[in-house]
Amino acid sequence: MAISRRVDVAILGAGPAGLTAAYLLTKAGYSVCVIERDEAYVGGISRTVEHEGYRFDIGGHRFFSKSKEVVDLWNEILPAGFIERPRMSRIYYDGKFYAYPLRAFEALRNLGVLRSAACMLSYLRWKLFPKPEVRSFEDWVVNNFGRKLFSTFFKTYTEKVWGMGCDEISADWAAQRIKGLSLGAAVIDGVKRSLNLHHAPNDGMAAKTLLESFRYPRLGPGMMWEAARDKVVEHGGEVLMGHSLARLSERPRDGRWVVTTTAAGEPARIDAQHVISSVPMRELASRLHPLPRTLPQASGLKYRDFLTVALMVRSEDLFPDNWIYIHDPSVKVGRIQNFRSWSPDLIPADDMACVGLEYFCFEGDGLWSAADEDLVALAKRELVKLGLCADEAITGGVVVRQDKAYPVYDDAYTSNVEAMRTELEARYPGLHLVGRNGMHKYNNQDHAMMTAMLTVRNIEAGERVYDVWGVNEDAEYHEAGADGAVQALRSERMVPRRVKAA
């Protein structure tokens, strides 16, 4: 196949990282070609899927960042599309709602006298006689809250999301994600407040430790990335939809890259000085030519997948939350989004609601491989079982699958990623890895954009001046504080790591 395009930069993947890089490069005058395997949607996991007038946010994406540069870029790409939305998320357990993040005294009150007493006795037992060696998520939570609270509020959801036991996830993740919650302090505070018997019921807004509101594109996050794609094209760039990476090779004589794609229509062969990749590291390694020495390590990288079953319900609304976390072990659903609470414009009719039941799975397992009609039937049964909806109110449903949604942090992931990174940086200065799957890092949307922004600066400088891998590692990051308050492009989000074998 002859070369069909010659550009400065070829970009693999039209997600937040890829389109951020494409927009900034075309704006600076570089010629760019973006390759996207999806035939219809840009945005990757941040896309918005449309079905019969309903629009679905895949995974839920709040537009918040402490980086002023990221916020400024959002405003530049989508200057008139944002709306302000209230932030509201709760935990649903045994027919009751609990604040998220968890408020310990409220949790004890909702559990009732007997279960609360059992929780307090369990708490005291583990405080007096804690596990001396804390290695796992389970060890850390049990030592800090007792086994009863661990099994009620921590075990089920964590294992649904990550697909591994809490005794396999390392303790450092628990220490980071649950810090600031003290059962002892909460009980003392509860005794003080018990003198006032007139407490308002928890409506999900009582806990203000995270964002009280956030900005959101009126038609979902895909609105942002569709606008970015359009601007890339306006600036002279090209976005090839329905093209999958087939082969990536560097010409020894001049160091330029040849990118070969497969497509249902006309495949492409692109000549580029630089390649920016946001495709999963495992897939990139298998398509490099010659194959990298670290292919076995890259092949060992794992991913967690999930699917959304969107149900249309005859109701103005079901609950006010953006989403609720389902801590009930009797159902498979892990989280339920309420799309109207993200934006009323996602729903085409005022008398209808639409909710997305999220199921975490591995590609190829029973859930992932189930027929769509079976998944819709499962979601209907579980929504009714949870008491959130009557069966006769559900009018339809549709399934959206998302592969490689979360990079898995097992005991070998660090060495596998580092081995591939070291080889690629040493052999290929013109190949740049960005984004969540491109770097095998559990990044937020703004973190993925940061890696692309720094990569563009490196290309402009002609060398790796900025450490792209430093994004999401060296500074604590929480969704709190002023939006865009920090200048630096660096922040952190902890993810579960599998405990190493003794």
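The model is predicted, so local features need pLDDT of at least 70 and side-chain atom pairs 80 or more, while totals for chains, interfaces and linings use all residues. Residues are numbered from 1 along each chain, and side-chain values use heavy atoms, leaving out hydrogens and water.

Leu121 sits in helix H4 (a DSSP run of H or I, at least four residues) and is exposed at 59% relative accessible area (exposed is over 50%, buried under 20%, partly exposed in between). Val113, Leu114 and Leu128 are exposed on that side of H4 too. Ser116, Cys119, Ser122, Tyr123 and Trp126, by contrast, are buried; they share one side of H4 because their arc is only 125 degrees, taken from the directions from the helix axis to the C-beta atoms.

Then there are the rings: the whole structure holds 22 aromatic pairs (Phe, Tyr or six-membered Trp ring centres within 6.5 Å; stacked under 30 degrees, edge-to-face over 60, tilted for the rest). Trp162 and Tyr406 make a tilted one, 5.9 Å centre to centre with 55 degrees between the planes. It ties helix H6 to strand S18, 244 residues apart (strands are E runs of at least two). Trp162 is buried at 6%, and Tyr406 at 8%.

Key. Buried < 20%, exposed > 50% of the residue type's maximum accessible area, 1.4 Å probe, protein only.
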